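Please read each point with the structure open beside it.

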Amino acid sequence: MLARLLWLLTGAVLALAAWLAWQHRFAEAPGVAPLAMGPEGRSAFRVVRAPGQVAWAGDGASVRIVATREMRHPTLECALGRFSGQRHLWIRFRAGCEGVVKGRNEWDDARVVLIWKDAGGRILREHSPLCGMDGTRGTEAYERVAAMRKDAATPLIVIQNLGAAGEFTVEALEVRAVANRWWFHPVAVTLALAGTAWARWAFRRWLPAREPGVAPRSVSAAAAIAGALTGGRPWAVTAAAALWVALAAFFLFPGPWDPLRPFLRGFEVAAPTARQAAAHPAAAVSPAAGAPSPAGSRAGAPSAAPAADAILLKPPLQFDAVSLLFEAKKYIRPLMHAAAFAAMVAAFCLLLGNRRGWLPVAALAAGSEVMQWLWGFGFDWHDVLDLAINTAGMAAGIMVVRRARRVAVSVPGRDERPARP
């Protein structure tokens, strides 16, 4: 009982340490001037469609975008060229909507998106959604950290109202360049090693090796490999613990989503040190060309209407292997999801040498949905479907393991069938 309590307490300490490292991992990059809505920052924004539907307020600290059935897709964009070459972008703003009616497509709502353009001005397929809403919702605060691309693509923040009607308001938008603090990766490695030891102890105690009297018998090359793993040897249990920690870091903390989100409260972004500030003085930033027209004005619309259509982030289907695979992914995703969970069940059962090796995978499946809700992604019927797909994949993995045991495992001195796993 005492050992179990100590194990639970150790897990809680590791989780707290991981949360503190996550919340304090970023520091502001020196030498890069931030961008913020206001008298100066407003000049960096450009109306690319329906200028009369974009109204500034609060001396440029707030913008209201109105969509109507006659004037669709009013869009405001801001090029972030000054941040090229940085590691991450820290983006914070407040947004709300009133009476936003979705258009013909599911994604036709009010939103803020981080997109990328190559050197030729072509919008790249990858993008990071920062905010999306419809209906009537009060003002909500958003804080995201997006990883920058390693190529020469230019990031842009796009504020759109793709609905058939309604108003979308964005306030106090602020963008800063940030990077991981020097201690983050060493601390992450230390926590991963400690988590591996924590999981290994649990596996050795509650998921011991195969039951007595059952020994592996190699009848083929595949069975020989399975027999080597099903013994629950120390290295195999350590490998299972390390695999579980890696999967937990991917599924639970922070999950396979971009951009990154703070947990429970905002990121604690540290200021640059005095030495860094002296070594990288902030460069002066001249106001960007193409400032938006005054509030309510319909004159001076930029001649960039074709680019506004492309900014809807629904590029036409191109008949090449990469594009076809990207389009097909949404149809084969459930099958891939189930196959991944079946493979995880098989791997844990073989590494631990225990028929209950599916339990760590079940914990990951349930924990991922809980953590999605805690991270602010909500819970709807899509999550119920994900749980059903995960369960089907685990069931398939259990059947594969049962079949493999019947082939590769026998009970010496007995003629009857092997014990059911």
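**Notes on the predicted model**

1. Strand β8 (residues 110-117) and strand β11 (residues 154-161) run antiparallel and are joined by eight bridges, and Val 113 has Val 158 of β11 as its bridge partner. Strands here are DSSP runs of E with at least two residues, helices are runs of H or I with at least four, and both are numbered from the N terminus; two strands are taken to pair if DSSP finds at least two bridges between them.

2. As to the basis of these points, this is a predicted model, in which local features need pLDDT of at least 70 and side-chain atom pairs count only at pLDDT 80 or more, while totals for chains, interfaces and linings use all residues. Residues are numbered from 1 along each chain as its sequence is written, and side-chain values use heavy atoms, with hydrogens and water left out.

3. Strands β8 and β11 belong to an open sheet of five strands, with antiparallel pairing and the order β3-β6-β11-β8-β9. Because β3 (45-49) and β9 (128-133) stand at the edges with a single partner strand each, one side of each is left without a neighbour in the sheet. From one strand to the next the twist averages 25 degrees, where axes are lines fitted to C-alpha atoms (for helices over the stretch in contact) and angles run from 0 to 180 degrees between N-to-C directions.

4. Strand β4 (residues 54-57) runs antiparallel to strand β5 (residues 62-67), with four bridges joining them, and Val 54 stands opposite Ile 65 in β5. The hairpin of β4 and β5 has four residues between the strands, and Gly 58 takes a positive phi near 60 degrees in this hairpin.

5. The count of salt bridges comes to ten, a salt bridge being a side-chain nitrogen of Lys or Arg within 4 Å of a carboxyl oxygen of Asp or Glu. Glu 28 and Arg 176 form one of them, with their closest N and O atoms 2.9 Å apart; since Glu 28 lies in strand β1 (residues 26-28) and Arg 176 in strand β12 (residues 165-180), the pair ties together parts that are 148 residues apart in sequence. Arg 176 also meets Glu 174 in a salt bridge (2.7 Å, N to O), and Glu 28, Arg 92, Glu 174 and Arg 176 are linked in a network.

6. Val 370, Trp 373, Leu 374, Phe 379 and Val 384 form a nonpolar patch on the surface, with about 500 Å² of accessible area together. Such patches are made of residues with over 30% relative accessible area and no salt bridge, nonpolar side chains (Val, Leu, Ile, Met, Phe, Trp, Tyr) being joined within 5 Å and like charges within 9 Å; the areas come from the Shrake-Rupley method with a 1.4 Å probe, and for residues only the protein chains shown count as cover. Helix α8 (residues 358-374) gives the most to the patch, with three residues, while Val 384 is in helix α9 (residues 381-408) and is partly exposed at 47%.

Conventions
Buried < 20%, exposed > 50% of the residue type's maximum accessible area, 1.4 Å probe, protein only.
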